[in-house]
Amino acid sequence: MWRRAGIVAGCVVVLAAGAGVVLDQTAGLPWTDDAAAAETPLFRPEAPPAATWSPAPGVLAAPATAGTAGEPAVGDVLAPTLGVAGLGGRVGVSVLNLSTGAPSYESAGADPHTPASTLKILTGAAALHALGPDHTFTTRVVSGPDPSALTLVGGGDPTLTADDGAGTRLADLAASTAQALTEAGVAAVTLSYDASLFTGPAVDPDWTPSYVPSVVSPTTALAADIMDRPADPPLDAAEEFAGLLADQGIAVDGEPVEAAAPADAAELAAVESAPLATVVEDVLTSSDNDGAEVLARHVAIASGAAGTSEAAGPAVVAALTELGLDASGATLLDGSGLARGSAVPAALITQTLALAAGPDHPGLRSVVTGLPVAAFTGTLADRFGDSSAAGLVRAKTGTLTGVSALAGVVVAADGVGYAFAVLADDVGNTTEARAALDDVAAALAGCGCA
């Protein structure tokens, strides 16, 4: 089930290794409410007051004494951690200075490597660019000439839920539909469902077959509580909706059937998702494979292509190119990173993060604010626990058999903000590789390299 993965309402202040992290609530895009704030980079060095820390949205602060001249180069600091056997024989590394946009260190950073779930950073950025951070996904109920013949129409909302938790609630749609039917004097209906917004195979042919349904579901435009892994997501959503209508006193005759909505259908009711910025945050924080695949298909549709898995990857690459990024070295076969044939340069990931953190594309902010916080949230909640980098690193994880990756942002001890990506796709032991990646990020967080 989809759930909001915010840290807490309000701000959390974390102190570690002499540096402070101020984390604003992740819901929404507070800086877009102020024109001047929208011109401000997300990450900037900022000296703290003598005894207190003041909340500042999205800013990681560094000590005023940071940045001592003559410190070692970034590459020298990272070398001991990058040379360990746990990362295997093929590693792509890119470290980018967020203030200048210039590379601080690179090793095979332009060479394509298997990104695993760090690819979701690219998918999220492409979706935000193609659709806009305020975009919402709509699920509708329509009827044709016969007002008792209903069709549930999927709009590709990855957060649709039949439960009472967070997400777009089918119960609200059922209540609005029942009200409209009651006002029309209709007490019994038939129900069909339309998931035709997405086309082509629901299961990406580039996935390892065992991934469905263990780590991902068939990708459809109509699904409720997709993390429950229903065998037939559109039918399952329609059955859930029928039960919710019955709870509202509307009888549903027979079983739901798949059918296209009538061309002249009238809308009875609709529900909308949270803004795309919030959806992207949650996809990144929880590494939601299903949500990422849905977003990639929306990028394809926005580009004028069909909503297929085949069109999704190239559409994401095209969107990144429109943002001014050099995506020529990237091959994307899906939106989640499950396809082992996908290959991405580490430098493309850091450049995407730099755009999201900088002042020129505030609509991409949730690509950064959605990144898990080391030892605190999402897929990093159980990592960095004993590290001095706990709370200082925000990063997306990536794991497949033989592949371990970590990509994110940090303000180091020198007061400089860095974007980093380490893609290792020839590892023998996942546990050792994760520990090695954490060591790389921790070394960068402690860097006095300015």
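The chain of this predicted model contains 12 helices and 18 strands. Of its 450 residues, 54% count as buried. Among contacts between residues at least 6 apart in sequence, 69% join residues at least 24 apart. Pro133 belongs to the loop between helix H3 (119–131) and strand S7 (138–143). Because its relative accessible area is 18%, Pro133 is buried.

**Salt bridges**

Side chains of opposite charge can pair when their charged atoms come close. The structure holds six salt bridges, and the table lists three of them.

| Asp425 | Arg90 | 2.9 Å |

The salt bridge between Asp425 and Arg90 links distant parts of the chain, for the two residues are 335 residues apart. Asp425 is in the loop between strand S18 (417–424) and helix H12 (430–445), and Arg90 is in the loop between helix H2 (74–82) and strand S4 (91–97). Asp425 has a relative accessibility of 16% and therefore counts as buried, whereas Arg90, at 38%, counts as partly exposed.

Arg383 is buried, with a relative accessible area of 9%, and Asp438 counts as buried at 12%.

Asp172 and Arg169 belong to a network of salt bridges that also includes Asp164. Asp172 counts as partly exposed at 36% relative accessibility, and Arg169 counts as partly exposed at 23%.

**A buried charge without a salt bridge**

Glu293, in helix H8 (residues 289–302), is buried yet takes part in no salt bridge. Which side chain of opposite charge is nearest to Glu293? That side chain is Arg297, at a distance of 5.7 Å. A salt bridge requires the nitrogen and the carboxyl oxygen to be within 4 Å. Apart from neighbours within four places in sequence, Glu293 is in contact with Trp207, Thr219, Asp334, Gly335 and Ser336.

**Backbone geometry**

Most residues other than glycine have a negative phi, and most peptide bonds are trans. Arg229 is not a glycine, yet its phi is positive, at about 60 degrees. Arg229 is placed in the loop between H5 and helix H6 (233–247) and counts as buried because its relative accessibility is 18%. Phe384, also not a glycine, has a positive phi of about 70 degrees. The loop between helix H11 (366–369) and S16 holds Phe384, which counts as buried at 4% relative accessibility. A cis peptide bond, with omega of about 5 degrees, joins Val212 and Pro213. Pro213 is part of helix H5 (residues 211–214).

**The largest pocket**

Rolling a probe the size of a water molecule over the atoms shows where empty space is left. The largest pocket contains about 310 Å³ of space. It is lined by 16 residues, of which Ser287, Thr379, Thr397, Thr399 and Arg434 are the closest to its centre. Which element gives the most to this lining? Strand S16 (residues 393–400) does, with five residues. By class, the lining comprises four nonpolar, seven polar and five charged residues.

Methods. Residues are numbered from 1 along each chain as its sequence is written. This is a predicted model: local features need pLDDT of at least 70, side-chain atom pairs count only at pLDDT 80 or more; totals for chains, interfaces and linings use all residues. Side-chain values use heavy atoms; hydrogens and water are left out. On a 1 Å grid over the protein atoms alone, a cavity is a set of points where a 1.4 Å probe fits but cannot get out, and a pocket is an open set with protein on both sides within 12 Å along at least five of seven lines; lining residues have an atom within 4 Å of a point. Grid points are joined across faces, edges and corners, and a volume is the space filled by probe spheres set on the points. Helices (H or I, at least four residues) and strands (E, at least two) are DSSP runs, numbered from the N terminus. Ala, Val, Leu, Ile, Met, Phe, Trp, Tyr, Cys and Pro count as nonpolar, Asp, Glu, Lys and Arg as charged, and the others, Gly among them, as polar. Buried means under 20% relative accessible area, exposed over 50%, partly exposed in between (1.4 Å probe, protein chains only). Lys and Arg count as positive and Asp and Glu as negative; His and the chain ends are not counted. Contact means heavy atoms within 4.5 Å.
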